[in-house]
Structures are given as structure tokens and as C-alpha cells.
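Biologist: Please show me the model, and then let us go through it by question and answer.

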Amino acid sequence: MSSSGVLQAGGNITVDGTALWTDILETARIGGTPKGGVRRLTLTEEDRQVRAWFAAACTALGCTVTHDSMGNQFARRPGRDATLPPITMGSHLDTQPTGGKFDGIVGVLGGLAVLRALHASGFETRHPIELINWTNEEGARFAPAMLASGVFAGVFTEQEALDKTDRDGIRFGDALAAIGYRGEAPCGDHPVAAYFELHIEQGPILEAEGKTIGIVTGVQGMRWYELTLTGRDSHAGTTPMTMRADALLAAARIIEAVSAVALAHGPNAVGTVGLLENRPNSRNVVPGEVFFSIDLRHPDDAVVAAMEADLRARIEQIVTDAGIGLEMARVWDSPAVHFDPACIASVRAATDSFGYPARDIVSGAGHDAAYMARVAPTTMVFVPCAGGLSHNEAESAEPGDVAAGANVLLRAVLDADIRLDA
Ligand code: GLV
Ligand code: MN
Ligand code: MN
């Protein structure tokens with residue numbers, strides 16, 4: 001494959017960057033926060049509204065919009081050969097509780113910009129082209145992340161996904177039905193020729209190096225854990241320090257250990273405690289129970305395994321010394337992913353055809369592409385974000401970079417359209 005494929009395939013078509021930026025600002029109003037971010041947790045009223053926006057926008061471009069039994073939305077533009085599986089693009093429209101306007105959204109609306117460019121030019125592809133809005137990529141409300149693309153790829157069963165509960169005990173399946181998106185089409189019964197996902201980098205590398213495009217070669221390994229520490233509720237004024245079973249104090253020591261383990265396996269290891277519930281959470285009660293999460297990541301699965309072993313040993317020591325009960329479960333294991341060389345070559349050729357400054361990069365964040373890589377040739381395109389900041393209401397990206405990413409997405413898709421099933 002060479003860039004000649006890209007130049008043959010609709011080489012003069014480009015996306016409308018202004019319309020793409022307008023879409024980003026318009027959808028950011030759905031769940032928009034006073035600080036300029038977005039709070040659009042999966043399967044909430046805000047999620048329902050943005051799904052309706054997505055369906056209307058795609059329908060206006062002549063696409064047929066459907067959703068499957070996990071609520072994943074598919075907007076399909078027909079190709080010349082209806083017997084071919086679709087070349088797909090996608091990402092997610094759900095956000096973190098204090099999320100930004102770009103994480104996931106750039107991938108979906110960038111795909112919409114591709115559909116708009118094809119529609120405006122009347123260009124006919126061989127394959128159908130599909131844009132996918134995945135349900136619950138973030139994992140912020142229902143753990144783990146990438147839940148519905150995981151069901152699509154056969155990583156999780158649909159039943160286990162439907163039975164996941166949020167921290168208020170609401171079932172995923174019930175929340176999905178409540179917003180009207182429990183579709184009839186079985187999730188995963190949907191052949192795909194290739195999958196391309198555009199995303200902001202969510203880290204500082206592209207911006208620091210003055211690169212417009214990240215050619216993503218893979219995704220690092222990640223594991224999530226849930227821990228419950230059990231001590232004893234007791235009076236803060238009368239219980240001597242030597243007679244306490246303080247679950248929060250033990251949690252604090254474990255949090256320190258998570259950081260120490262990541263630093264010990266550096267420079268590319270990271271470890272985070274992002275969710276913690278302290279009970280009974282009263283200022284004059286020694287905390288008797290703490291629930292919290294741990295997130296460990298590294299590009300090499302062997303290092304992730306070593307981090308887990310190291311951390312488990314430290315945690316055992318901490319709870320034993322403190323006389324605290326421990327329940328610990330690994331609730332997610334997403335191994336490192338290596339993307340498809342031919343799809344990466346399509347992205348590289350597309351990038352070169354525009355002359356955008358670029359570098360290869362491994363994703364530190366999880367993406368639906370990580371699971372799609374199990375069922376179809378897959379890769380991703382990154383664009384810079386300001387200061388590398390993400391999962392933050394101040395998350396920001398430049399309109400020109402976002403448009404460049406969508407242009408690369410467009411040409412990579414058109415290149416794959418020529419290359420695949422030829
Ligand atoms: C998804 O946002 C992740 O946790 O990387
Ligand atoms: Mn994302
Ligand atoms: Mn995210």
C-alpha cells in the first residue's frame with residue numbers, strides 16, 4: 001500500500017473544519033458545565049439527548065441509523081457493493097463526571113465530518129461506511145471502561161454487562177432500557193471490514209513536539225481493582241490510637257503504595273486511586289469501612305503483572321499490620337494492544353498526503369479501538385490537546401488540529417476502501 005491509493009481515492013475531498021467545530025460546541029451544550037466542560041455520564045438523560053442529536057445529524061446526511069442490544073449506535077452510508085462489510089469509524093459521546101468537550105467526541109464528530117464530506121461530494125465508496133457511537137466507553141458510571149465495545153468484540157458477555165451496577169445500585173440493563181436504547185439487534189452480530197478511531201491524545205507528547213498527528217501503533221495494558229477494607233466504627237474522642245481499626249488510615253497507606261509501585265516500575269508505569277467511599281463518613285467516627293478503586297497501567301503486560309504482584313504484597317502487609325479486613329478483586333484486565341500494520345500504513349499515507357507533522361505514539365488511555373482490534377483490522381489517529389490535559393473540564397484542542405485529524409481519518413478510510421477486499 002502506498003500513498004497512491006490515498007490520492008486515487010477521493011484525493012481532493014476534505015472535511016469542513018468549521019462545521020466540525022460547530023458540532024463540537026453544539027453537543028458540548030448537552031450536559032455542559034459552568035466551567036466549560038461536559039458532564040454526560042453514560043445512559044443518563046444527557047446521554048439520551050446527545051444520542052438523539054447524533055441520529056438526527058447522521059440521518060440528515062442520508063445515513064441509516066440503528067442501535068444494537070447494548071445501545072451502540074451505527075450510522076451507515078451505503079457503498080457500491082452492499083455485500084461488503086462496512087469500513088467503520090467511531091468513538092464515544094459519554095464523558096467523565098468532570099469531562100471535557102473533546103474526549104471521545106472528536107472521534108464521533110470527526111467521523112460525522114467524514115460522512116458530511118462524502119455526502120457533499122457525492123463520492124461513492126466500494127464498502128458501506130459506518131460511524132459508531134459506543135455505549136459506556138468511560139467506565140465512569142459502570143465499570144469497566146469500553147464495556148459495550150467489549151461485548152461487541154466478545155470480551156464480556158452481554159448478560160454480565162447488563163448486570164453491572166453503578167454506585168447507586170442501578171443496573172446497566174435497566175438504565176439502557178430507561179433511555180430507550182436497548183435495541184433488538186444482538187450486539188456483535190455485525191461484520192466489520194476495518195475500524196478507525198480519531199481521538200485527542202490526552203497526553204502532552206504531540207503538543208510538546210509540535211506534531212499535528214499521532215500515528216497510533218497500540219494501547220498500553222491496564223488493570224482495574226476494587227477493594228473493600230473493613231475496620232471498626234468507633235468514637236473519635238474516646239478510642240485510644242492504639243485501639244483503633246481505622247479503615248481509612250489503611251486505605252491512605254495503600255494509596256501511597258500504589259504511587260510507590262508505579263514509581264518503582266517507571267518511567268512508563270502509572271497507578272491511580274480515583275474513586276473512594278469512606279463509611280460512615282462522619283467527622284467524629286473512626287472510619288469502619290472504605291471502598292476504593294485502583295488503576296494500574298504500563299505498555300508491557302509483563303510489567304503490569306509485576307506491578308500487581310508487588311502491590312498485592314504491599315497491601316497484604318499493610319492490612320495485616322493494621323488488623324484490617326481486605327476484599328480485593330481485579331475487575332478489569334485489558335492487555336496491551338498492537339494495531340493492524342496495514343491500517344497504520346493507511347493512516348501514515350493519509351498523514352503524508354497532507355504533509356502534517358506526525359510521530360508514532362502508543363496510547364496511554366483506553367479506547368474502544370482496543371477491543372475492536374480483536375475483531376477487525378484497527379488503528380487510531382491522535383491529535384494534540386492543550387497541555388496534555390484530559391478528564392478535566394478545561395480540556396482543549398485547536399480547531400485546525402481537530403480538522404487535520406478528521407482529514408486523516410477521511411483519507412485513511414478511503415485508502416482502506418481501495419485496499420480491502422480488492
Ligand atoms: C478511558 O478513558 C481510560 O480510562 O483510559
Ligand atoms: Mn475517550
Ligand atoms: Mn475518557
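Biologist: Which residues are around ligand 1?
Modeller: This is a predicted model, in which local features need pLDDT of at least 70, side-chain atom pairs count only at pLDDT 80 or more, and totals for chains, interfaces and linings use all residues. Residues are numbered from 1 along each chain as its sequence is written, chains are lettered from A and ligands numbered from 1 in the order in which they are written, and side-chain values use heavy atoms, with hydrogens and water left out. A residue counts as near a molecule if one of its heavy atoms lies within 4 Å of it. Around ligand 1 are Glu137, Glu138, Arg297, Ala365, Gly366 and His391.

Biologist: How far is a polar side-chain atom of histidine 391 from an oxygen atom of ligand 1?
Modeller: A polar contact is a pair of N or O atoms within 3.5 Å; within protein, one must be able to donate a hydrogen and the other to accept it, and residues adjacent in sequence count only if both atoms are side-chain atoms. An N or O atom in the side chain of arginine 297 is 2.7 Å from a ligand 1 oxygen, and a polar backbone atom of glycine 366 is 2.7 Å from an oxygen of ligand 1. For the polar side-chain atom of histidine 391, the distance to a ligand oxygen is 3.2 Å.

Biologist: Are the rings of phenylalanine 74 and tryptophan 134 stacked or edge-to-face?
Modeller: Rings of Phe, Tyr and Trp (its six-membered ring) pair if their centres lie within 6.5 Å, and planes under 30 degrees apart count as stacked, over 60 as edge-to-face and the rest as tilted. Here the centres are 6.4 Å apart and the planes at 75 degrees, so the pair of phenylalanine 74 and tryptophan 134 is edge-to-face.

Biologist: Which ring does the charged end of arginine 167 sit over?
Modeller: A charge sits over a ring if NZ of Lys or CZ of Arg is within 6 Å of the ring centre and within 35 degrees of the ring normal. At 3.7 Å from the centre, the charged end of arginine 167 sits over the ring of phenylalanine 291.
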